[in-house]
Amino acid sequence: MEYVLKTNGLCKQYKNFKALNRLTMNVPKGSIYGFVGRNGAGKTTLIRLICGLQFATEGSFELYGANSTSGKINDSRRKVGAVVETPSIFPDMTAEDNLKHQFRIIGVPSFEKVKDLLELVGLADTGKKKAKDFSLGMRQRLGIAIALCGDPDFLILDEPINGLDPQGIIEVRELILKLNREKNITVLISSHILDELSKLATHYGFIDKGTIVKELSAEELNDACRKCVTLTVSDTQKAVNALEDSGIASKAEYKILDGNRIDVYAQPNITQLVHALDKQGCELVTVKEHDETLEGFFISLVGGDSHD
Amino acid sequence: MTKLIRADMIRMFRSKTLRLMMLLFAGLIVLESAIVNTDDIEEGEQVFSSVIFGMGSMLLPMFVSIGICLIIGAEFTSGGIRNKMSVGHKRESIYGSWLICSFAITLAMTVVLVIASFASALIFGIGVSDINVKATVINLLVMTVCHLSFTAVIVLFCTLFTGVKSVAVAFIYNETTMIIFSLLGETFKENDEVYKFVCRFFIQAQIKFYTTAEITDTPWLTALCGGSLGVLATVAGIVSFKRKDLK
């Protein structure tokens, strides 16, 4: 798999506080990578390091194959667009002027794309309205438009839906999906709003206390969160025969975990199941039902204790 | 860096803050001329040796420092600096662009000072015919070098104390330096060589020398001393900015 970003044991120490602790993560090309963690877990710190705003105390990262310690990192950063924390906009300028300013910074001589970008983010009709008079959602979309000025291949969005109203959340979500699907832009999106992230992300990285505690794809997460019954049996092969022969579950509806445990995603009739297992000479030891949400999964990873 | 300079120049010179500062500065010089008692203007005095140019010169560092701090500070508060760094601009280039744009602001303010002083002189009947052109040009050039050096110190403050904090720090630096040199001037005689040498590094200590109709003492040495302070501030600024953690 090709990766846009690979971090290798990144550490960031602020006086007595370790914001990142040997963080290792990989963002696949073309993915929407949901970066999940509580407030203060280290999400923004990592984004600041990638954008060059801060320096790692230890470790390094690779952006498009360029190591953070090499001089080529600035060339790789030209492929990146980022909205870090609050959108970086000049409040006394209009949306158009903000975009023109960013085009000048990048060194694009013409402003032909300004109109297209404003239309893409739904700000084409703002005219001479200053950015300071924009709603939070409009500012967020303008921030994304600025990040898109350099035609990035990799878009980094730090908490893009924080503080938005439901309509604003839908608009930003649709924009991100559009950019990923139509322009094949890889997106790293940090958030602690898990429900919203689950509608976007193709990959997840769960961060806690500056460390990635789990990295998995959306399919793997769905499997982990799917409602299922975990059977502990004496012989999984016999259990599989019992499930398939009796028509309780097809091949796609169960997953063998190890020699004794099997997850069944179909909703089996327990009496039928017991009869089928008995017929195959398989002993049923325990039955445990799982119904985990994304939130539940997250809590099970990082623990439910109070924030530090 | 040229991309950054172009972008920063356009933003700075289009900003309302700078235009307002220039207008206010010119207005204050004209206002001051209007309230100057004609008795305060001695016979044979011309615009560059008058109280009008003197007061304007004293106000110039304050206007320059506040203007620059507000404009560069906006990069930190608005997040404009993030937009520059996340697209791969080096920190040295960003600092260099700020420095060059700040020099442009200082020069623009100096032009405002000269034009407003001349305009006031003409409006309020202060003599312009007795100007010693050579002395005025040399004094103005040395003064400009010292102001550019002062600007480099202000840009250093902008990166050390980000945001609006830098405005307060620059204001305090400017005013305290001015007060300290006024007090030292009373203690030490102007022919004290050590005092004179220290004065050459600071524009606040130099202003009174420029509001004379004659060439100041060894102008090249003053330009060298003033300029070296600017170079020192720039080196310190780049070193500190390259190591600074930004938000």
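Strand β4 (residues 32-37) of chain A pairs with β9(A) in the parallel sense over five bridges. Strands pair here if DSSP finds at least two bridges between them. Helices (H or I, at least four residues) and strands (E, at least two) are DSSP runs, numbered from the N terminus. The model is predicted: local features need pLDDT of at least 70, side-chain atom pairs count only at pLDDT 80 or more, and totals for chains, interfaces and linings use all residues. Residues are numbered from 1 along each chain as its sequence is written, while chains are lettered from A and ligands numbered from 1 in the order in which they are written.

Strand β8 (residues 154-158) of chain A also runs parallel to β9(A), joined by five bridges. Together with helix α6 (residues 166-182) of chain A, β8(A) and β9(A) make a right-handed β-α-β unit. Right-handed means that, with the strands pointing away from the viewer, the path from the first strand over the helix to the second runs clockwise.

| Residue | Bridge partner |
|---|---|
| Ile32(A) | Val187(A) in β9(A) |
| Leu155(A) | Val187(A) in β9(A) |
| Ile207(A) | Ile212(A) in β11(A) |

Strand β9 spans residues 186-191 of chain A, and six of its six residues are buried (20 or more other C-beta atoms within 10 Å of its own, C-beta atoms being placed from the backbone). Thr186(A), Leu188(A) and Ser190(A) point one way, Val187(A), Ile189(A) and Ser191(A) the other.

Elsewhere, β10 (residues 203-208) and β11 (residues 211-217) of chain A run antiparallel, joined by six bridges. Two residues lie between these strands in the hairpin, where Lys209(A) takes a positive phi near 50 degrees.

Definitions and conventions:
Buried ≥ 20, exposed ≤ 12 C-beta atoms within 10 Å, placed from the backbone.
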